[in-house]
Amino acid sequence: MQRVMIIGQPGSGKSTLARHLGDKTFLPVIHIDHIHWKPGWVERDRAEKTRMTLDVIEQPKWIFEGGHSATWPERLARADTLIWLDLPVGLRLRRVIWRSLRCFGQSRPDLPEGCREQLDWDFLSFIWRTRNSARERARALYENAPRDKTRYHFTTPAQVHNFLSDLETALAIGNLGVPHR
């Protein structure tokens, strides 16, 4: 586990899982929102996002969470591990609303400075509108991933929790070849 690709729709827990994995494995964590947005919620142009993403995936180690699906093939080619967080849309919407209210007016660690959390009805609408099409793209990537990739498909928060618990056990006995505490 040296290059981990985490995909999933908004509110699925990609950023949280990436942070937990980074804390446990000491791998650097890259949040796509740092590439997607400039301060003040200004979106980067597509070519710049692609260039930045490709620069990151050339690094020897990373945990990369998030979209910009135009670069998924290149990211998957470099990844040794693929994690798909495939949680129900109702749960994801509740999480996004709760996160927006809890962090309102603050910058979260997975967002660039100057991107303060807000309750964005357009974003909630986007989550609802793309619930099927975005899931289908993630499913296709997951199902067509080369068999040499370690793959995880989580559909419940309990599965994610169990994965992290199992990872902690593997790290404690030195079973992953990474430093442990």
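**A pair of helices and the cysteines**

Guide: The axes of helix 5 (residues 89–102) and helix 6 (residues 121–129) approach within 10 Å and cross at roughly 165°. This is a predicted model, in which local features need pLDDT of at least 70, side-chain atom pairs count only at pLDDT 80 or more, and totals for chains, interfaces and linings use all residues. Residues are numbered from 1 along each chain as its sequence is written, and side-chain values use heavy atoms, with hydrogens and water left out.

Axes are lines fitted to C-alpha atoms, for helices over the stretch in contact, with angles from 0 to 180 degrees between N-to-C directions; helices are DSSP runs (H or I, at least four residues), numbered from the N terminus. Helix 5 and helix 6 are therefore roughly antiparallel (angles over 145 degrees). Their crossing is right-handed (the near helix is turned clockwise from the far one by less than a right angle). Helix 5 contributes Val89, Arg92, Leu93, Val96, Ile97 and Arg99 to the contact, and helix 6 contributes Phe123, Leu124, Ile127 and Trp128 (heavy atoms within 4.5 Å). By class, this contact has 8 nonpolar, no polar and 2 charged residues (Ala, Val, Leu, Ile, Met, Phe, Trp, Tyr, Cys and Pro count as nonpolar, Asp, Glu, Lys and Arg as charged, and the others, Gly among them, as polar).

As for the cysteines, a search of the whole structure finds 0 disulfides (pairs of cysteine sulfur atoms within 2.5 Å). For cysteine 103, the nearest cysteine sulfur belongs to cysteine 115 and is 14 Å away. Cysteine 103 counts as buried because its relative accessibility is 11% (buried means under 20% relative accessible area, with a 1.4 Å probe and protein chains only). Cysteine 115 is also buried, at 0%.

Methods:
Helix = DSSP H or I, 4+ residues; strand = E, 2+ residues; numbered from the N terminus. Parallel < 35°, antiparallel > 145°, perpendicular 65-115°, else oblique. Buried < 20%, exposed > 50% of the residue type's maximum accessible area, 1.4 Å probe, protein only.
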